[in-house]
Amino acid sequence: MLPAPGRFILPSVLCRHILSEPFGRKEKQHMNQKLVVYFSATGTTRRAAKKVASQQDADLYEITPEVLYTGADLDWTNKKSRSTIEMADKDSRPKLAGQPADIASYSEIWLGFPIWWGVAPHIINTFLELYDFTGKTIHPFATSGGSGYGKSSESLKMSARGAEFEAGVMVR
Ligand SMILES: Cc1cc2nc3c(=O)[nH]c(=O)nc-3n(C[C@H](O)[C@H](O)[C@H](O)COP(=O)(O)O)c2cc1C
C-alpha cells in the first residue's frame with residue numbers, strides 16, 4: 001500500500017532541509033546581502049573586485065559581454081575601434097552574456113569598472129538598466145591608467161533605477 005501523501009512528503013521536506021544545512025552555500029549568499037559586481041576587460045578591475053569581495057565578505061558577479069573585447073577593440077588610439085565607437089555614442093548598450101545577477105537578494109552592491117574615456121564603459125549601463133535598485137545602495141569603484149573617478153556616477157545614476165549612490169572611489 002502507498003503511504004498517505006502527508007506522511008510521505010513531510011519527512012522528505014525535513015530531510016532536504018537537514019541535508020542542505022552543511023552545504024548551505026545558497027543560504028549564506030542570501031543572508032550575506034552584499035554583492036560585488038564588476039566588469040573587467042584586461043584583469044585589473046577583476047583583481048580589485050576580488051579584494052573588495054574578500055574585505056566585505058560579499059558574493060561576486062562578473063559582467064560579461066556577449067562578444068568579448070579583443071586587444072584591437074580596446075585600442076583607444078584608433079578612432080574606429082569598437083571601444084572608441086561605443087564610448088562616442090552615449091546610447092550604445094553592449095549586449096551581455098551569462099545568467100542575470102540575483103540583485104533582489106542584495107541590499108548593498110559594490111560596482112567596479114575600468115575608466116574608459118573618463119567614465120564607466122557603457123556595458124555598465126546595459127547591466128544597470130536590467131534591474132530595479134529601489135532600497136539598494138551602490139558603492140562604485142574604478143581602476144584607471146591615471147584618471148580620477150570624475151563624474152563617472154552621473155550616467156550610472158540615470159541607468160540605476162531607484163539606487164542610492166555612495167561616492168565613487170579609485171582602487172588598485
Ligand atoms: C578604451 C579604453 C579607454 C581608457 N580610457 C582611460 C581614461 O580615460 N583614463 C585612464 O586613466 N585610463 C583609461 N584607460 C585605462 C584603463 O582604465 C585601465 O587600464 C584599467 O585599469 C583597465 O581595467 P581592466 O583591466 O579591468 O579592464 C582606458 C582603457 C581602455 C581600454
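Q: What makes a residue buried, exposed or partly exposed here?
A: Buried takes 20 or more other C-beta atoms within 10 Å of its own; exposed means 12 or fewer, and partly exposed is in between, with C-beta atoms placed from the backbone.

Q: And what am I looking at?
A: This is a predicted model: local features need pLDDT of at least 70 and side-chain atom pairs pLDDT 80 or more, while totals for chains, interfaces and linings use all residues. Residues are numbered from 1 along each chain as its sequence is written.

Q: OK, Asp57. Buried or exposed?
A: Asp57 counts as exposed because it has 9 C-beta neighbours inside 10 Å. Asp57 sits in the loop between H3 and E2. Helices (H or I, at least four residues) and strands (E, at least two) are DSSP runs, numbered from the N terminus.

Q: What about the phi of Asp57?
A: Positive, about 55°, although Asp57 is not a glycine. Most residues other than glycine have a negative phi.

Q: Where is Trp117, and what is its phi?
A: Trp117 is in the loop between E5 and H5. Its phi is positive too, about 50°, and Trp117 is not a glycine either. Trp117 is partly exposed, because 13 other C-beta atoms lie within 10 Å.

Q: Switching to strands. Which way do E1 and E2 run?
A: Parallel, with four bridges joining E1 (residues 34-38) to E2. Strands pair if DSSP finds at least two bridges between them. Val37 stands opposite Tyr61 in E2, and Tyr38 has Glu62 as its bridge partner there.

Q: How many bridges between E1 and E5?
A: Five, again in the parallel sense. Val37 has Leu111 as its bridge partner in E5.

Q: So why is E1 largely enclosed?
A: Because four of its five residues are buried.

Q: How do the side chains of E2 point?
A: They alternate along residues 59-62.

Q: What handedness does the β-α-β unit have?
A: Right-handed, made of E1, H3 (residues 44-56) and E2. That is, with the strands pointing away from the viewer, the path from the first strand over the helix to the second runs clockwise.

Q: Now the core. Which members touch the most others?
A: Val36, Val37 and Ile124, in the largest nonpolar core of 31 residues. E1, H3, E5 (108-114), H5 (122-128) and E6 (137-143) each supply at least two of its residues. Such a core is a set of buried Ala, Val, Leu, Ile, Met, Phe, Trp, Tyr and Cys joined through C-beta atoms within 7 Å.

Q: Where does Thr42 sit, and is it buried or exposed?
A: Thr42 is in the loop between E1 and H3. Thr42 is exposed, because 11 other C-beta atoms lie within 10 Å.

Q: How far is Thr42 from Tyr69?
A: They are 8.9 Å apart, C-alpha to C-alpha, and 27 residues apart in sequence.
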